[in-house]
Amino acid sequence: MKKVLLEMEDQKNSYEQKAKESLQKVLEEKMSTEQQLQSTQRSLVLAEQKCEEWRSQYEALKEDWRNLGTQHRELESQLHVLQSKLQGADSRDLQMNQALRLLENEHQELQAKIEHLQGDRDLYSSDTQHLQDQLKRSEEEKLALVAKVQQLQSLLQNKSLQLQEQEKLLTKKVQRTAFGVRQPQ
């Protein structure tokens, strides 16, 4: 009987030891799982924060991209306006050159008339002084017109150079905005 009791006591102790070990193992697994859960939750919070940062950066990049697109369109519009002005200046320069050629032709015609009239001066001596006065006025008008045409040509040339510089600057600006900014993915 005593032997059976001792065996039962040993079995009881053995079961208790196994139960304690199993319970300890379960507790350790529970603690490990809780630590993993906490670690996973921290990782999730960090990932959500990172995701929010990326979303914010993405929205900012989208807005920047829209602004750059608007600026690009405005610069292209300004470039077209400047090109039109340059073409207009070139056209006015051409007109001024044509006007100068016409004035030179008129001058040559007047010079020819004067020479013809000088040949007939003995016959028309009273008209000669009058014609000389006309010639003088024509010369003065021609000089004034030539000076004015030269002044206008100089002004047009300066304007053309300014417009070309502005067009170059705008072209560079348009190229920088078109090629210097990456599109958001």
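The model is predicted, so local features need pLDDT of at least 70 and side-chain atom pairs count only at pLDDT 80 or more, while totals for chains, interfaces and linings use all residues. Residues are numbered from 1 along each chain as its sequence is written, and side-chain values use heavy atoms, with hydrogens and water left out.

**Overall form**

- Along the principal axes, the C-alpha atoms of the chain fill a box of roughly 180 × 15 × 15 Å.
- Helices (H or I, at least four residues) and strands (E, at least two) are DSSP runs, numbered from the N terminus.
- Of the contacts with a separation of 6 or more, 93% are between residues 24 or more positions apart. Contact means heavy atoms within 4.5 Å.

**The nonpolar core**

- Which residues make up the largest nonpolar core? There are nine: Leu-75, Leu-79, Leu-82, Leu-86, Ala-89, Leu-156, Leu-163, Leu-170 and Val-174.
- A nonpolar core is a set of buried Ala, Val, Leu, Ile, Met, Phe, Trp, Tyr and Cys residues joined through side-chain atoms within 4.5 Å.
- Leaving aside residues up to four places away in sequence, Leu-163 touches Leu-82, Lys-85, Leu-86 and Ala-89.
- In soluble globular proteins, nonpolar side chains tend to be buried together.

- Buried residues make up 12% of the 185 residues in the chain. Buried means under 20% relative accessible area, exposed over 50%, and partly exposed in between (1.4 Å probe, protein chains only).
- The accessible surface of the chain is about 15,700 Å², and carbon and sulfur atoms account for 53% of that. Accessible areas come from the Shrake-Rupley method with a 1.4 Å probe; for residues, only the protein chains shown count as cover.
- Met-1, Val-4, Leu-5 and Met-8 make a nonpolar surface patch of about 470 Å². Patches are made of residues with over 30% relative accessible area and no salt bridge: like charges are joined within 9 Å, and nonpolar side chains (Val, Leu, Ile, Met, Phe, Trp, Tyr) within 5 Å.
- Met-8 is found in helix H1 and counts as partly exposed because its relative accessibility is 49%.

**Salt bridges**

- How many salt bridges are there? The count comes to seven, where a salt bridge is a side-chain nitrogen of Lys or Arg within 4 Å of a carboxyl oxygen of Asp or Glu.
- In one of them, the side chains of Glu-53 and Lys-50 meet at 3.9 Å, N to O. About one helical turn separates this pair, because Glu-53 and Lys-50 are three residues apart in helix H1.
- Glu-53 is partly exposed, at 41% relative accessible area, and Lys-50 is also partly exposed, at 41%.
- Lys-62 forms a salt bridge with Glu-59, with the closest N and O atoms 3.9 Å apart. Both lie in helix H1, three residues apart, about one turn of the helix.
- Lys-62 is partly exposed at 27% relative accessibility, and Glu-59 is partly exposed at 38%.
- In helix H2, Glu-165 and Lys-168 lie three residues apart, about one turn of the helix, and their side chains meet in a salt bridge (4.0 Å, N to O).
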